[in-house]
Amino acid sequence: MDTNTATSHNTAMRRTIMGFIVSRAVCAVTRAGVPDLLADGPRDVAELAAASGTDPGALGRFLRVLSAEGILIEPEPGVYALSAAGNLLRADVPGSLRHFTELMSAEAYLVWEAAEESLRSGGSAFPSMFGRPYFTWLTEQPEAAERFDRAQAGLVELRLLPLLEWDWSEVNSVVDVGGGDGALLRKVLAAHPHLSGTLLDLPHVVENVQGDGLVRVSGNFLEEVPKGADVYVLSQILHDWDDSDAVRILRTCREAVPAHGRLLVVEQILRDDGVPDPALLLDLHMLVLLGGRERAEPEWERLFAAGGFTLTSTRTGPRSALLEARPSE
């Protein structure tokens with residue numbers, strides 16, 4: 001290996017090892033409100049520092065890094081603007097990642113200090129750091145639970161597209177299983193007003209959800225799901241769980257879904273071409289945070305079969321895929 005090649009590899013590996021610095025810089029600058037301050041166009045560092053309550057010298061160094069990473073643009077020295085990617089850090093744009101950034105800067109980041117625990121055990125590292133499983137911990141941490149709900153709602157815009165494009169014309173009723181604050185279900189009902197919608201989630205979740213056209217049901221999808229609807233939706237639920245618990249959820253749904261019914265699952269489908277993909281990172285994060293996993297299409301087929309369903313089609317969207325399944329005979 002020649003010197004230039006060795007140097008290139010060394011540089012690439014150091015950037016990878018230090019990648020957390022970029023992530024933390026994004027979080028810090030976003031929490032300081034800088035992306036929103038740049039909504040109307042370029043501003044210089046002194047203006048941004050005064051408006052955000054930050055130190056001008058330090059802010060300039062943060063912005064220099066984010067510019068080098070393609071998150072900001074520096075049209076002239078000391079003046080910064082948002083790139084197309086950086087624009088997603090604003091709070092007021094469709095598909096905003098602002099709240100996702102906040103989520104990933106808190107306990108979802110801290111749990112990675114114990115990643116070796118997951119590597120050795122094959123399960124979640126969260127209990128070893130926080131004393132209990134993540135979702136149990138959230139019930140005791142209202143601020144963290146609100147942060148989680150805001151992040152999930154912010155991700156709905158892109159996640160929802162394959163679901164909205166599905167043919168709802170012959171459907172009368174839909175149940176959103178584990179639907180959180182109802183953001184996804186409300187958008188489906190708004191796009192298809194002939195539908196009646198039911199939101200199922202834990203009592204402490206649904207008690208704070210406004211009714212506005214949907215029926216709220218308190219319950220645990222590991223135990224029981226409202227019966228008899230035409231369509232059941234599981235959006236970003238099954239990846240939270242290992243295969244045995246995911247099958248348990250599917251079997252619970254199977255008891256509720258009538259013979260003519262359909263199950264729509266909104267999830268990632270792992271690629272098998274070795275190309276870098278956020279879904280691969282999310283797969284590791286699900287392991288460390290929850291003990292869950294992302295899955296490739298053959299794994300989805302096997303999971304559905306074990307849960308009493310047959311995978312009939314997949315539709316890929318910009319953020320997630322829509323997997324349609326029917327009850328097995």
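Which residues line the second largest pocket?

1. **The model.** Please keep in mind that this is a predicted model, in which local features need pLDDT of at least 70, side-chain atom pairs count only at pLDDT 80 or more, and totals for chains, interfaces and linings use all residues. Residues are numbered from 1 along each chain as its sequence is written, and side-chain values use heavy atoms, with hydrogens and water left out.

2. **The second largest pocket.** The lining consists of T11, R14, R15, T16, M18, G19, I21, V22, V65 and E69. A pocket here is an open set of points on a 1 Å grid over the protein atoms alone, with protein on both sides within 12 Å along at least five of seven lines; a cavity is a set where a 1.4 Å probe fits but cannot get out, and lining residues have an atom within 4 Å of a point. The volume of this pocket is about 230 Å³, a volume being the space filled by probe spheres set on the points, with grid points joined across faces, edges and corners.

3. **Who supplies that lining.** Helix 1 (3–17) and helix 2 (19–31) each give at least two residues, and helix 1 contributes the most, with four. Helices (H or I, at least four residues) and strands (E, at least two) are DSSP runs numbered from the N terminus. By class, the pocket lining has four nonpolar, three polar and three charged residues. Ala, Val, Leu, Ile, Met, Phe, Trp, Tyr, Cys and Pro count as nonpolar, Asp, Glu, Lys and Arg as charged, and the others, Gly among them, as polar.

4. **The cavity.** Around the largest cavity you will find V29, V34, P35, L38, L66, I71, L72, L82 and L89. Its lining has nine nonpolar residues, with no polar and no charged ones.

5. **Domains.** The assignment, automatic or from a database, gives domain 1 (3–91) and domain 2 (107–327). Their centres, taken over C-alpha atoms, are 33 Å apart.

6. **Helix 15.** Residues 243–256 form this helix of 14 residues, which reaches 20 Å from first C-alpha to last, close to the 20 Å expected at 1.5 Å a residue; the expected span is 1.5 Å times one less than the number of residues. Its buried residues (under 20% relative accessible area, with exposed over 50% and partly exposed in between, for a 1.4 Å probe and protein chains only) are A246, V247, I249, L250, T252, C253 and A256. They pack against strand 4 (173–177), strand 7 (231–235), strand 8 (262–267), helix 17 (297–306) and strand 9 (309–316).

7. I237 sits in the loop between strand 7 and helix 15 and counts as buried because its relative accessibility is 7%. Beyond its neighbours within four places in sequence, I237 is in contact (heavy atoms within 4.5 Å) with V177, G178, F221, I249 and E267. G228 belongs to the loop between strand 6 (214–218) and strand 7; with neighbours within four places set aside, its contacts are A256 and P258.

8. **E324.** Not counting residues up to four places away in sequence, E324 touches W166, R262, L263, L264, T310, L311, T312 and S313.
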